[in-house]
Amino acid sequence: MASASRLDARHRLVRPLVENLHDWMRAEQGTMSKHNSVAKAITYMFKKDRWNAFTLFLEDGRICLTNDAAERALRGIAVGRKSWLFAGSARGGDRAAFMYSLIVTAKMNDIDPQAWLADVLARLPNTTASRMQDLLASRWQLPQRQLAA
């Protein structure tokens, strides 16, 4: 399902439910003791703009409603935990995690990680700060000279 049609469905079907949930939570919050576990959860939800983060999926059709994809991506790390001992140190582990994050990000955007990383590393020195977003996996496109090859 394309993100535009997903967003349209969310606006039609889900937004009213989320708005009702918001109204219910605000109404219930005022009737409960602050020590009540539900009241604590509601208060947590409205602190530090968490509600906006929670409802971000209503503004962007690319955002998944579950974390299933992230959990599937992490399963490989959990299963291969002993294989990661090659890192040798905390610094090596940080580097491995950083590289793994880049590779998974490329895969989640249906991009060949090797092509993306090679192109980004080649273009990075000549890219201005204002054009950095063009190198993100979600926006990246193979340069025309490479598409013709």
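## Basis of the model

Helices are DSSP runs of H or I with at least four residues, strands are DSSP runs of E with at least two, and both are numbered from the N terminus. Cys64, for instance, is found in the loop between H3 and H4. The structure is a predicted model, in which local features need pLDDT of at least 70 and side-chain atom pairs count only at pLDDT 80 or more, while totals for chains, interfaces and linings use all residues. Residues are numbered from 1 along each chain as its sequence is written, and side-chain values use heavy atoms, with hydrogens and water left out.

## Overall architecture

The protein chain has seven helices and zero strands, and its elements, taken from the N terminus on, run α-α-α-α-α-α-α. Of its 149 residues, 19% count as buried, where buried means under 20% relative accessible area, exposed means over 50%, and partly exposed covers the range in between (1.4 Å probe, protein chains only).

Contact is taken as heavy atoms within 4.5 Å. Among the contacts in the protein chain with a separation of 6 or more, 48% come from residues 24 or more positions apart.

## The crossing of H1 and H2

Helix axes are lines fitted to C-alpha atoms over the stretch in contact, and the angles run from 0 to 180 degrees between N-to-C directions. The axes of H1 and helix H2 (residues 37-46) come within 10 Å and cross at roughly 125°. Angles under 35 degrees count as roughly parallel, those over 145 as roughly antiparallel, those from 65 to 115 as roughly perpendicular, and the rest as oblique; H1 and H2 are therefore oblique to each other.

On the H1 side, His22, Trp24, Met25, Arg26, Glu28 and Gln29 take part, and they meet Ile42, Thr43, Met45 and Phe46 in H2. By class, this contact has five nonpolar, three polar and two charged residues, with Ala, Val, Leu, Ile, Met, Phe, Trp, Tyr, Cys and Pro counted as nonpolar, Asp, Glu, Lys and Arg as charged, and the others, Gly among them, as polar.

## The crossing of H5 and H6

Helix H5 (residues 90-108) and helix H6 (residues 113-123) have axes that come within 9 Å and cross at roughly 115°, and the two helices are therefore roughly perpendicular to each other. The crossing of H5 and H6 is right-handed.

In this contact, Met99, Leu102, Ile103, Ala106 and Lys107 of H5 meet Pro113, Trp116 and Leu117 of H6. The residues involved divide into seven nonpolar, no polar and one charged.

## Salt bridges

Side chains of opposite charge can pair when their charged atoms come close. A salt bridge is defined here as a side-chain nitrogen of Lys or Arg within 4 Å of a carboxyl oxygen of Asp or Glu, and by this rule the count comes to five salt bridges. One of them joins Glu59 and Arg15, with the closest N and O atoms 2.9 Å apart. Glu59 lies in the loop between helix H3 (50-54) and helix H4 (68-79), and Arg15 lies in helix H1 (residues 3-29), so the pair ties together parts that are 44 residues apart in sequence. Arg15 is partly exposed, with a relative accessible area of 23%.

Another salt bridge links Arg62 with Asp60, the closest N and O atoms being 2.8 Å apart, and Arg62 counts as exposed at 57% relative accessibility. Within helix H6, Asp119 and Arg123 lie four residues apart, about one turn of the helix, and their side chains meet in a salt bridge at 2.7 Å, N to O. Asp119 counts as buried at 3% relative accessibility, whereas Arg123 is partly exposed at 26%.

## Loop residues

Cys64 counts as exposed at 51% relative accessibility. Cys64 and Ser3 are 61 residues apart in sequence, and their C-alpha atoms are 9.9 Å apart in space.

Asp49, which lies in the loop between H2 and H3, has a positive phi of about 60° although it is not a glycine. Asp110, found in the loop between H5 and H6, has a positive phi of about 55° although it is not a glycine, and Asp110 counts as exposed at 76% relative accessibility.

Notes: A crossing is left-handed if the near helix is turned anticlockwise from the far one by less than a right angle, and right-handed if clockwise.
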